[in-house]
Amino acid sequence: MAGDVKHDYHLVNPSPWPAVGSFAVLLMMVGAVFAMKPDATLFGMSGFGNWLFGAGLLGLLYTMYAWWSDVIHEAETGDHKPVVRIGLKYGMILFIASEVMFFVAWFWAFFNAALYPKIPLPEIGAFWETLNNEAMWPPEGIETFDPWHLPFMNTLILLLSGTTVTWAHHAVLEGDRDSLKKGLWLTVILGAIFTCVQVYEYQHAAFEFSGSIYGATFFMATGFHGFHVLVGTIFLAVCLGRAYKGHFTPDHHFGFEAAAWYWHFVDVVWIFLFFCVYIWGG
């Protein structure tokens with residue numbers, strides 16, 4: 001019949017979310033710019049930058065929720081044929097590759113400052129030179145973390161979470177929904193514990209973000225990793241909710257598989273952070 005689909009590709013229906021998300025990001029950026037100038041006013045109202053940023057953030061979060069809900073609906077109604085899932089897998093692989101390069105930048109900054117502290121860079125050079133003009137790493141006066149205390153505890157937590165998410169992955173391949181839920185519950189709980197331990201660690205840091213290149217590179221590298229752990233925990237929590245709704249079958253579970261890939265990526269990045277930043281860099 002005319003109009004019948006004669007291919008395995010999914011042609012997405014017109015969606016408002018790209019435009020809505022773009023407008024929300026615009027509000028966030030404009031709000032952020034004005035929030036950096038506390039004395040800026042609009043129609044005599046001060047602090048409107050924070051309101052614009054908040055409105056844009058809420059709009060972006062709703063866009064993410066609605067857009068991904070549409071993708072889940074497409075998956076559950078049979079639109080994600082095998083050829084479509086291949087495209088989704090390539091997209092997730094490229095996204096993780098971009099995240100790898102994101103962290104390469106922070107590792108590069110850390111090693112550049114640690115290995116070549118005496119190279120004169122007018123923009124940041126003075127940040128790590130000591131008072132007697134003898135560069136050293138870590139900078140004089142910086143009390144680093146004991147890597148075998150909280151950092152080691154978080155390493156064990158993340159490595160254990162990697163085993164639980166793998167358990168859940170094998171469970172979904174075998175059609176064992178009960179074990180899938182148990183594995184996801186354990187992974188989400190371990191991810192939340194990791195975040196709590198990192199917050200506690202930051203609260204007891206003997207150095208600050210500002211004042212030294214060590215503090216700046218340490219908090220940027222470990223802080224962004226902590227943000228990725230939080231995102232991965234939410235990702236897996238959504239998969240847990242989907243598991244209770246009966247989603248995921250042994251041959252159709254890419255949503256969970258993508259979350260598992262992302263979680264393993266977070267695990268590997270932390271191992272490099274633990275050995276390079278906490279042990280070697282300390």
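Surface first. I looked up the accessible surface of the protein chain and got about 16,600 Å². Carbon and sulfur atoms account for 70% of that surface. I noted that the model is predicted.

Next, burial. The protein chain has 282 residues, and 37% of them count as buried.

Then the fold. I found 7 helices and 2 strands in the protein chain. Along the sequence, the pattern reads α-β-β-α-α-α-α-α-α. I also checked contacts between residues at least 6 apart in sequence: 75% of these join residues at least 24 apart.

Now Arg85. I located Arg85 in helix 3, which spans residues 82-115. Is Arg85 buried or exposed? Its relative accessible area is 18%, and the cut-off for buried is under 20%, so Arg85 counts as buried. Which residues does Arg85 touch, leaving out those up to four places away in sequence? I listed His80, Asp251 and His252. I then followed up on His252, which lies 167 residues from Arg85 along the chain. The C-alpha atoms of Arg85 and His252 are 8.9 Å apart.

Last, Phe248. I placed Phe248 in the loop between helix 6 (213-244) and helix 7 (254-280). I looked up the backbone: Phe248 has a positive phi of about 75 degrees, though it is not a glycine. Most residues other than glycine have a negative phi. I checked burial too. Phe248 has a relative accessible area of 3%, so Phe248 is buried.

Technical notes
Residues are numbered from 1 along each chain as its sequence is written. This is a predicted model: local features need pLDDT of at least 70, side-chain atom pairs count only at pLDDT 80 or more; totals for chains, interfaces and linings use all residues. Side-chain values use heavy atoms; hydrogens and water are left out. Helices (H or I, at least four residues) and strands (E, at least two) are DSSP runs, numbered from the N terminus. Buried means under 20% relative accessible area, exposed over 50%, partly exposed in between (1.4 Å probe, protein chains only). Contact means heavy atoms within 4.5 Å. Accessible areas come from the Shrake-Rupley method with a 1.4 Å probe; for residues, only the protein chains shown count as cover.
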